[in-house]
Amino acid sequence: MKGLSRRELLSGGAAIAAAGLLSIDRPSRAAGRPMLPIPPELVADATGTIALRAQPGERQFLPGVATPTYGINGPFLGPAIRVRRGDTVSLKVTNGIKEDITMHWHGLKIPGDVDGSPYNVIKPGLTWEPTLNIDQPAATCWFHPHFYPTTAELVIMGLAGLFLIDDEETDALGLPSSWGVNDIPLILQDRRFNEDGSFFHRFNMVAITTGYVGDTMLVNGAHYPEARTARGWLRLRLLNGSNARGYRLALSDKRSMYAVASDGGLLSEPVEIKELLLYGGERYEVLVDARDGRHFDLVTRPVDQMAMNLPPFDGELGLVTVRPDGAEGAGALPDTLVDLPPLVSDLPPVSQNLVMEMRLDDEGMGLLKSAGLMKMTMAKKTDPAVVKAVTKLITDGPALPLEQQLSANAVNGAPFKFGAASFAAPLDTELRWLISEGSDQMQHPVHIHGCQFRILSLDGKAPPAHMAGWKDVAPIEKGGTAEIQVRFEHPASKDHPFMAHCHNLEHEDSGMMTDFTVS
Ligand SMILES: [Cu+2]
């Protein structure tokens with residue numbers, strides 16, 4: 001087994017700490033646990049400009065181990081960009097690392113030429129300056145590179161940040177809004193470390209099948225941190241910024257969460273939930289009643305996703321401890337939120353199918369099966385020998401030749417190809433699209449650029465209430481389907497098309513992506 005266990009890292013850490021090598025960036029600590037890092041808010045300057053710089057860095061995620069990283073305006077992850085509906089902002093994105101990147105504004109309704117797709121390449125040392133007209137409801141969006149085919153690795157290294165949109169309607173609701181005090185961003189990511197402390201990443205047969213399988217959770221770039229918050233109602237802004245892992249989130253003391261917003265903005269009314277499935281790329285805002293001041297953990301429970309129940313994900317796992325022991329914060333749970341436009345009753349028939357397709361999954365699944373993974377999953381009991389064998393496949397399986405990687409997965413019968421402009425969609429028209437998958441049964445959180453859509457049905461049934469608002473990710477799994485109502489309000493040309501792709505970043509980087517024009 002190549003990867004070090006956490007215990008090995010911890011014991012190794014003691015020796016390195018004793019040697020005095022502690023001058024590197026690390027989340028601040030209280031009583032042995034890191035404090036939850038809060039990404040700094042970044043608003044436009046007096047000229048309407050927001051400057052971002054992707055740069056290399058180093059961070060200590062686990063005691064005594066330095067990990068080379070990328071970050072945006074810092075060593076790991078990025079700031080929380082904050083704009084208002086109606087703003088025009090000029091982004092200046094400088095590439096300070098030694099490889100090509102792009103910067104995609106995930107969830108923003110903007111034209112294809114400023115979208116930051118694989119077509120908006122920023123070469124090392126250069127600056128990209130798109131102007132964004134913000135005209136959509138308040139939402140928790142995010143940004144990350146979308147360079148093909150290295151998005152997965154760039155995100156693992158740390159390039160990602162939040163992109164918050166405010167508007168008057170939301171201001172008037174009196175939601176908890178004190179950043180880092182009772183309005184708490186939580187970026188969930190899993191990682192695995194090599195022996196030298198660097199992030200593990202390898203495009204092998206397991207990666208193109210299951211996507212990245214980490215064994216260490218980071219929240220805002222800290223492992224199992226503690227958040228000291230206000231007492232009262234808390235607003236948790238949840239982002240699944242993981243490459244491939246889905247979460248089954250709950251609170252450790254079984255208290256309720258009240259979903260108030262999905263990917264693209266507020267719901268019509270709060271939805272009480274005890275568990276929240278959070279797929280790759282998705283965001284939800286939930287309110288939690290912490291008026292009692294008692295601490296609790298945000299936990300994830302075992303998910304029904306291939307290879308994602310290896311330890312420590314084989315039981316309930318604490319992600320962050322919330323200690324609401326500060327002064328009483330302002331804000332409460334409203335009875336109602338916003339008037340969502342009703343779904344269109346005379347929607348036309350399906351005009352576009354998006355079929356996620358896996359071409360080497362039999363091979364990948366075969367490897368996992370012979371290592372005993374399916375049997376262990378069915379038995380719902382962790383077997384150390386199987387864990388060891390599967391972990392060896394994850395860490396030691398040989399990297400695929402690039403040509404094989406790029407043809408491993410596909411959408412609508414073809415792996416992604418630059419310049420294909422695979423289909424065209426009409427501007428300003430309500431459309432019905434159908435998202436499905438081939439015979440692979442795997443999980444595909446499908447993301448569509450340039451829009452916020454509504455899920456009409458999941459597997460033929462109405463979506464749960466918390467998924468009935470604005471979405472830009474439609475998760476399908478186990479041969480499932482998602483029917484959506486979508487409208488494009490901005491153009492995308494053949495030179496700068498919109499993308500539709502699986503947000504499992506290893507699937508995306510191995511061809512499960514297509515592009516389309518809007519005019
Ligand atoms: Cu996928």
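These entries record what I looked up in a predicted model.

**Conventions.** I number residues from 1 along each chain as its sequence is written. As the model is predicted, local features need pLDDT of at least 70 and side-chain atom pairs count only at pLDDT 80 or more, while totals for chains, interfaces and linings use all residues.

**Confidence.** I looked up pLDDT, the predictor's confidence in each residue from 0 to 100. The protein chain has a mean of 94, and 95% of its residues reach 70 or more. Over residues 1-23 I found pLDDT under 50. For that stretch the model has 35 contacts beyond four places in sequence (C-beta atoms, placed from the backbone, within 7 Å).

**Strand β21.** Strands here are DSSP runs (E, at least two residues), numbered from the N terminus. I located β21 at residues 283-290 and noted that seven of its eight residues are buried (20 or more other C-beta atoms within 10 Å of the residue's own, all placed from the backbone). Strands count as paired if DSSP finds at least two bridges between them. Eight bridges link β21 to β16 (residues 232-240) in the antiparallel sense, and Leu 238 faces Tyr 284 in β21.

**Open sheet.** I then traced a five-strand open sheet with mixed pairing, ordered β26-β34-β33-β28-β31. Its edge strands are β26 (423-425) and β31 (473-476), each pairing on one side only. The parallel pair β26 and β34 (residues 513-518) is joined by three bridges, with Ala 424 opposite Thr 517 in β34.

Terms used: Two residues are in contact if their C-beta atoms, placed from the backbone, lie within 7 Å. A residue is buried if 20 or more other C-beta atoms lie within 10 Å of its own, exposed if 12 or fewer, and partly exposed in between; C-beta atoms are placed from the backbone. Helices (H or I, at least four residues) and strands (E, at least two) are DSSP runs, numbered from the N terminus.
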